[in-house]
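Have the sequence and the 3D view open while reading.

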Amino acid sequence: MIEKLELKIGQENLIIETGQMAKQADGAVVVQYGGTVVLVTAVISDKPREGADFFPLFVEYQEKTYAAGKIPGGFFKREGRPSEKEILTARIIDRPIRPLFVKNMFNEVQVMAIVVSSDGENDPDVLAMVGASSALMLANLPFGQEPPFKGPIGALRVGKIGEEYIINPTYAQLDESEIDLVVAATEEGVVMIEAGANEVSEDIVVKAIDFAQESLKEIIKLQYDLQEKIKQNLKGIPRVLELKPIAPELLETVQESAATRIEEIFGTADKDKRSEKKDQIVAELIEKLVNDESGYSEQDVKSALEEIMKQKVRKLIIEQKKRIGDRRFDQIRPIDCKAGLLPRTHGSGLFTRGETQSLSVTTLGSRSDEQMVEALEGEMFKHFMLHYSFPPFSVGEIRPIRGPGRREIGHGALAERALLRVMPSKDKFPYTVRVVSEILESNGSSSMATVCAATLALMDAGVPIKDPVAGIAMGLVKESDQAAILTDILGLEDHYGDTDFKVAGTKTGITAIQVDLKINGIDTNLISEILNEAKKARLLILDKIAQVISEPRTQISEYAPKIKLLKIDTSKIGELIGPGGKTIRRIIQQTGATIDIEDDGRVMISAQDSKSLQDALDQVTGLTAEPEVGKIYSGVIKKVTAFGAFCEFMPGKEGLIHVSELSDRFVKNVEDVVKLNQQVQVKLIGIDDMGRSKLSMKQVNPSKSTGQE
């Protein structure tokens, strides 16, 4: 049976339909907004995964090129590995729904979102988020009173143009918007935020979230209405959800055996010492509790210890008002900044905060180094890229390297978004810029350490960023009406806490936010408090950065390519290129420079050394410049006749030096004064009606124009 509901959200109707497509999935919906349509399915396995110690949720998002009426590029002509946009969208679907599944559930769940139609105006990512929640709500139905998913969520995007906030802005509107904020919420409050912004205040972010609230509630209600319609026609035997809770008696035993030892773990700020103490406790508990008589496995014991540790950390923070390592709630770990520590790179920065360290390196390139991105909304070229690398040694582990994973791509995209808003335009700084962050140590918010290290590296490379950017990760522990806000969270505080709230920005305002909640939502009052605490921390870190390097260096590295951007008349483009590209190829071959020509007359010349750059620049300007009467040029004699000599005074431009203009003395024989291929100084004294140039040697320097001493 087909059911379709729709609701006016923002500028278009949000339409959710089920019962027509993918009917063998546990839940399937088609979500439409404008001309953009996403099919989303959810499937839940009947039994828990054998031996699983984590919730096996798999989220996939795919953009099919047929959705935009295109055929994939490349040799194979079919979609391949996920693009960066697909990976990032899968992450923003995953993050708000994962914490809403029932605790101790180990059944496999797969959510798949496929973009089947794209209008090139509306981003399908928020539609996929709404679709994932809707499909899971329908997949809940066969489980009766104990469904696995404790949703739904509402999701949408907010933009701001001038003083107007906009729900689900189009791509064109986002180009003008101060903010690009994606927010997801349950009935209880916000569960996820992803935002980029043009250095906006904390109040603007809070107002944008408040503005979204009514629409989010309507989207949630729409999903309940759809679920109710399907529920009325549901038949069959209810499925039973098998949970694997930790045995209460095991929790009690672990508590009695290890309570004092656990408190010792949290007394030190040293990650290695904490890990060593925990390993000792685990070994002792396994030896004591894992046997045939008890029936407990090693994993049972580890899970019980994790639960007790979580309780202890939260009690320490909420009741005793203490943190791991005995820091104040608003205290940042020791910070160390360095810039310019690598001799042959174009720019480098090392940022250390506690046990988290990022080495970031900036590389400058030419236009040919830009990254082409093929997306449903069209092709684009990126001239700023930030790549995040998380080698296993950063956390003392050993594992094979298989290329960047979803986490690395996500963290890199967050840091890139934080810095993108302060990067110079191509007209002001015509370089392609790549920053690579190597995480050398990790214990809490390596993505925000990346933002700080990248700022150091960019300024060291001489990139004229608008302002330095810093980032901080905030935490929250909430029990009933008590809430503790933590600044600069450790890995354990993130693991056992209720949120990872990352904020990056300049001294002026916020440039990026990423928030993930592990509870069912928080209100905007608490969000405002966290943002204000984050601002204090951000300003402190910016002061630390300024003590090392306060502004971009005035000169780029001697090892960086040299680039010059100039503008020529569009009518000269063909002349510069030459027939079949002959002229431009000759210049490139002779000088070793790279030359890129835009349709609007912009010419970018890049070379590895200043001489090559200047040689290419001289040839380009010579070919495209207009002759100026009265100007003196350096030329070459190309032809000698009885009545004078023809001189090439600009590339491809010749003029006649009449015999009367060769010298201030009488010239009987032209070859007595000039020879073929001789270099001479000439003055352009006129251009006749036919465009012919008249040159003079005697008006340049009369005393030497005879060619005699």
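**A walk through the predicted model**

S445 counts as buried, with a relative accessibility of 13%. The model shown here is a predicted one. S445 lies in the loop between β17 (432-441) and α9 (446-460). Which residues is S445 in contact with, leaving aside its neighbours within four places in sequence? They are R353, T356 and A473.

α9 lies across β18 (470-479) and β20, and its direction is at about 155 degrees to β18. Another helix, α8, lies across β10 (189-200), β20 and β21, running at about 150 degrees to β21.

These strands belong to an open sheet of eight strands, with the order β8-β7-β9-β10-β21-β20-β18-β19 and antiparallel pairing. Its edge strands, β8 (164-167) and β19 (482-487), each pair on one side only. On average, and with direction ignored, neighbouring strands of this sheet are turned by 20 degrees against each other. Strands of a sheet pair through backbone hydrogen bonds, in either the parallel or the antiparallel sense. Within this sheet, strand β20 (residues 499-505) and strand β21 (residues 510-517) run antiparallel and are joined by seven bridges. One place to look is K502, whose bridge partner in β21 is Q514.

β4 and strand β6 (residues 107-117) run antiparallel, with nine bridges joining them.

Next comes helix α2 (residues 125-140). Its 16 residues should span 22 Å at 1.5 Å a residue, and the end C-alpha atoms are 23 Å apart, which agrees. Is α2 enclosed by the rest of the structure or open to the outside? Of its 16 residues, 16 are buried, so α2 is largely enclosed by the rest of the structure.

The loop between α2 and β7 (154-161) holds P152. The peptide bond from G151 to P152 is cis, with omega near 5 degrees. As background, most peptide bonds are trans, and most residues other than glycine have a negative phi. D326 has a positive phi of about 65 degrees although it is not a glycine. D326 lies in the loop between α7 (298-318) and β11 (335-339), and at 57% relative accessibility it counts as exposed. S480, also not a glycine, has a positive phi of about 55 degrees. S480 is found in the loop between β18 and β19 and is exposed, at 65% relative accessibility.

R239 forms one of them with D46, and the closest N and O atoms are 2.8 Å apart. Because R239 lies in the loop between α4 (202-231) and α5 (248-265) and D46 in strand β4 (residues 36-48), the pair ties together parts that are 193 residues apart in sequence. R239 counts as buried at 19% relative accessibility, whereas D46 is exposed, with a relative accessible area of 56%.

A second pair is E416 and K382, with the closest N and O atoms 2.9 Å apart. E416 is in helix α8 (residues 406-420) and K382 in strand β15 (residues 378-382), so this pair links distant parts of the chain, 34 residues apart. E416 is buried, with a relative accessible area of 12%, and K382 counts as buried at 14% relative accessibility.

K638 lies in strand β25 (residues 632-641) and E648 in strand β26 (residues 644-650), so the pair ties together parts that are 10 residues apart in sequence. K638 counts as partly exposed at 38% relative accessibility, and E648 counts as partly exposed at 24%. Finally, salt bridges that share partners join R323, R327, R333, R353, D488 and E493 into one network. R353 is also one of the residues in contact with S445.

Key. Residues numbered from 1 in each chain as written. Predicted model: local features only at pLDDT ≥ 70, side-chain atom pairs only at ≥ 80, totals over all residues. Heavy atoms only, no water. Salt bridge = Lys/Arg side-chain N within 4 Å of Asp/Glu carboxyl O. Helix = DSSP H or I, 4+ residues; strand = E, 2+ residues; numbered from the N terminus. Buried < 20%, exposed > 50% of the residue type's maximum accessible area, 1.4 Å probe, protein only. Pairing = 2+ DSSP bridges. Expected span 1.5 Å × (residues − 1). Contact = heavy atoms within 4.5 Å. Axes fitted to C-alpha atoms, helices over the stretch in contact; angles between N-to-C directions.
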